[in-house]
Amino acid sequence: MFKLLAVAVSAVCLTAAFVGCNKTDNKQHFVMVPKGVNPYYDPCYEGFKDAGAKLGIDTEFTAPKDFSVSEQQEIIEDLIQKHVDGIAISANDDQGLVGVIDEATKAGIKVITFDAPAPSSKALCYIGTNNDVAGYMAGTEMAKRMGDKGVLLMLQGGMGAQNLNERYAAFERAMKEKAPHVTIIAREDTQGKIPIAQEKTEQLLQAHPDATAIFGLSGECIPGIVSALKNQGKAGKILVAGFDDVPDTLAAIRDGTCQFSLAQKTYKMGWLSVMELQAACEGKALPKQIDTGLLLLTKDNVDTYMAQMKQEAQQSGQVLAGAATGPNTAPATQK
């Protein structure tokens, strides 16, 4: 009789573990999976963690060592085995993640994308920047600063990243419309790494000594560009601009070596990721896309924008969670 009871208990435990009910504290467990290790994602996880604390949800941050689709696949497969409740992933690639996101969905895990979408997958929602709007806004600002003359170099962190390719296409369109006499003479891959961004900048400046401006489409670019310019004694002599708000970029804006950067609302991405995953776990329908917006960073607002971003995220989170909402395509202005 005791043996039969032991077998029955074991069977119940195994069943509970399979369906993800093996938690002793009944707390949900959400995991953020970025493209790779990069300081850009620090405020994303800060927002993710803060929202989790507010709702009583355990949160975790698991990053691939490199910007690798295969590593993201392995991480998600591991999370499936751990029976987590929700995953927010910044997709390194669209098609490459279709299979593993489908597998997670079949296992009952709620999956959304943030920062970079995977539109071909079964991810429930994309939370992040409207990259067509972002690219066009960046190109318009760059055209204004260049005055419709000069030679422009471009850097991009991953040539296969859908979000960055969309951003570049819109940037190029704006430049052709607003500054048709500017020549975009090169576009190089930084692989999402500051040292490679620095190396590529040095190579480009050697190959194109007539370059008058450099633009970076992703967060590692400006720090690498500025380091290369300082090494060559050209800091402040070439127009530098780009995306995101990693610490070295903020420092470059403060000292004038970078003229502007478009900050994606990364804290808001993280905060809303938790809110939407929670809504999905409650059976609510999610919007296909939530545009978190942009902030144009200059010397005027570089020290105040983050407080504004956090306040906005925490105020909007309760409104958006689980509600059908279309993308907000109106870019934010300087504040």
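How many bridges join strand β8 to strand β9, and in which direction do the two strands run? In this predicted model, strand β8 (residues 213-216) and strand β9 (residues 239-243) run parallel and are joined by 4 bridges. Within this pair, I214 stands opposite V240 of β9.

Both strands belong to an open sheet of 6 strands with mixed pairing, in the order β7-β6-β8-β9-β10-β12. The edges of the sheet are formed by β7 (183-189) and β12, each of which pairs on one side only. From one strand to the next, the twist averages 15°. Helix α6 (residues 162-178) packs on this sheet and touches β6 (151-156), β7, β8, β9 and β10 (260-264). The direction of helix α6 makes about 165° with that of β6.

The relative accessibility of L294 is 2%, so the residue counts as buried, the cut-off being under 20%. L294 lies 161 residues from V133 in sequence, while the C-alpha atoms of the two are 9.2 Å apart in space.

L294 is also one of the residues in contact with T129. T129 is located in the loop between β5 (126-128) and α5 (131-146). With a relative accessible area of 1%, T129 is buried. Leaving aside neighbours within four places in sequence, the contacts of T129 include A134, M269, D291, T292 and G293. Q264 is likewise in contact with T129, and a polar contact of 2.6 Å joins the side chains of T129 and Q264.

Note on methods:
Residues are numbered from 1 along each chain as its sequence is written. This is a predicted model: local features need pLDDT of at least 70, side-chain atom pairs count only at pLDDT 80 or more; totals for chains, interfaces and linings use all residues. Side-chain values use heavy atoms; hydrogens and water are left out. Buried means under 20% relative accessible area, exposed over 50%, partly exposed in between (1.4 Å probe, protein chains only). Two strands pair if DSSP finds at least two bridges between them. Axes are lines fitted to C-alpha atoms, for helices over the stretch in contact, and angles run from 0 to 180 degrees between N-to-C directions. Contact means heavy atoms within 4.5 Å. A polar contact is a pair of N or O atoms within 3.5 Å; within protein, one must be able to donate a hydrogen and the other to accept it, and residues adjacent in sequence count only if both atoms are side-chain atoms.
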